[in-house]
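Subject: Structure handover

Hello,

Here is the structure I promised to pass on. Please open it alongside this message.

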Amino acid sequence: MPDVRIDSDGRCFHVDADGVALYPARYRAVSAYSEGLAVAHKLDGQVVLIDLQGRELDLGGLRFAWVLPPCDGRALAQTADGRHGWLDRQGVFHPHREDPEWTARLEIVRIARLIYERGYNVSIDGNISMRLSDDEILMTPSGRHNGFLRPEDLVVVDRVGRMLRGEGRPTSEHRLHTALYARRRDIACVVHVHSPFAVAASLAGVDLAKTWITVAPVPTTAYARLSSAESPAALGPFMDHYNWAILPRHGTVAWAADLWSAFLRIEGLEHYAKIVMAARAAGPIEPLPDEKRLELLTFWGLEHLEVPT
């Protein structure tokens with residue numbers, strides 16, 4: 001499998017097993033190859049698909065806001081003018097129907113892929129949901145690899161997690177999602193991942209609710225068995241005033257009004273945990289003194305955030 005390299009100017013390209021570049025072009029960013037194709041972000045902002053020789057597929061003059069690596073011959077994509085659909089192996093764009101639920105399905109699949117590519121989930125870890133209405137919640141299914149989902153794989157449940165439509169079963173963590181939606185009427189999305197550095201911090205007893213760097217405090221709940229009613233119960237004390245938390249020995253959860261904001265919280269939390277764990281590996285570290293912590297919390301308007309005991 002080709003690897004990704006970055007040159008001295010910060011531009012990306014692929015190399016073979018011997019470290020030889022597969023092609024002369026350089027890009028702002030590239031994905032890993034999937035089914036013989038990779039996504040490449042050109043220096044002029046265009047998003048294209050390239051083959052193993054670096055040849056760009058002819059996309060018929062269309063410009064894209066984003067493209068995902070192919071899965072089962074389909075590369076999900078959104079055009080620059082907002083149309084959702086997929087690209088086939090010849091670069092032909094096939095538009096999807098445009099309705100709110102289908103758009104939500106595409107967005108969940110896109111975020112699930114980003115989460116997998118960044119290493120926050122592997123195998124069948126993690127789950128994502130989006131509130132469609134007061135009575136319907138769109139969720140990832142149980143037992144599926146979230147990095148390779150298709151929009152039609154997602155299921156719809158009611159407000160207590162009972163199946164309404166779709167094949168298979170909802171995520172085994174559906175109780176966590178439905179509890180958050182019942183408690184927080186202002187949110188529309190929940191993302192749960194098994195991010196390694198945040199979990200490592202919980203194993204090592206590092207409390208990320210303390211202010212180690214200039215990041216808002218992240219509470220760690222009491223231990224709860226995964227896929228059980230214990231998880232929402234442990235998260236309960238933090239639901240109202242926080243938008244993220246660590247489930248010790250398990251993973252992290254973020255909730256927000258939109259899916260991108262929830263993803264950014266997951267990404268920021270894991271980056272925070274990575275910094276703190278790297279510093280801890282180098283030697284003893286200390287959190288900010290109480291007065292400096294309060295100063296930061298006040299600056300953010302979060303002085304009310306104190307971890308329940």
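First, the ground rules. This is a predicted model, in which local features need pLDDT of at least 70, side-chain atom pairs count only at pLDDT 80 or more, and totals for chains, interfaces and linings use all residues. Residues are numbered from 1 along each chain as its sequence is written, and side-chain values use heavy atoms, with hydrogens and water left out.

**Strand β7**

Start with Thr79. It is found in strand β7, residues 75-79. (Helices, H or I of at least four residues, and strands, E of at least two, are DSSP runs numbered from the N terminus.) Thr79 counts as buried because its relative accessibility is 1%. (Buried means under 20% relative accessible area, exposed over 50%, and partly exposed in between, with a 1.4 Å probe and protein chains only.)

Ala75, Ala77 and Thr79 point one way from β7. Leu76 and Gln78 point the other way.

What does Thr79 touch, not counting residues up to four places away in sequence? The list is Arg63, Phe64, Ala65 and Phe93. (Contact means heavy atoms within 4.5 Å.) The side chain of Thr79 also makes a polar contact with the side chain of Asp81, at 2.3 Å. (A polar contact is a pair of N or O atoms within 3.5 Å; within protein, one must be able to donate a hydrogen and the other to accept it, and residues adjacent in sequence count only if both atoms are side-chain atoms.)

**Its partners**

Strand β6, residues 64-67, runs antiparallel to β7, joined by 3 bridges. (Two strands pair if DSSP finds at least two bridges between them.) Phe64 stands opposite Thr79.

Strand β8, residues 84-87, also pairs with β7 in the antiparallel sense, over 4 bridges. Here His84 is the bridge partner of Gln78. β7 and β8 form a hairpin with 4 residues between them. In the turn, Gly82 has a positive phi of about 95°.

**Ser228**

Now the loop between α3 (196-204) and α4 (230-235), where Ser228 lies. Ser228 is buried, with a relative accessible area of 6%. Leaving aside neighbours within four places in sequence, Ser228 is in contact with Glu173 and Arg175. A polar atom of the Ser228 side chain lies 3.1 Å from the backbone nitrogen of Glu230.

Best wishes
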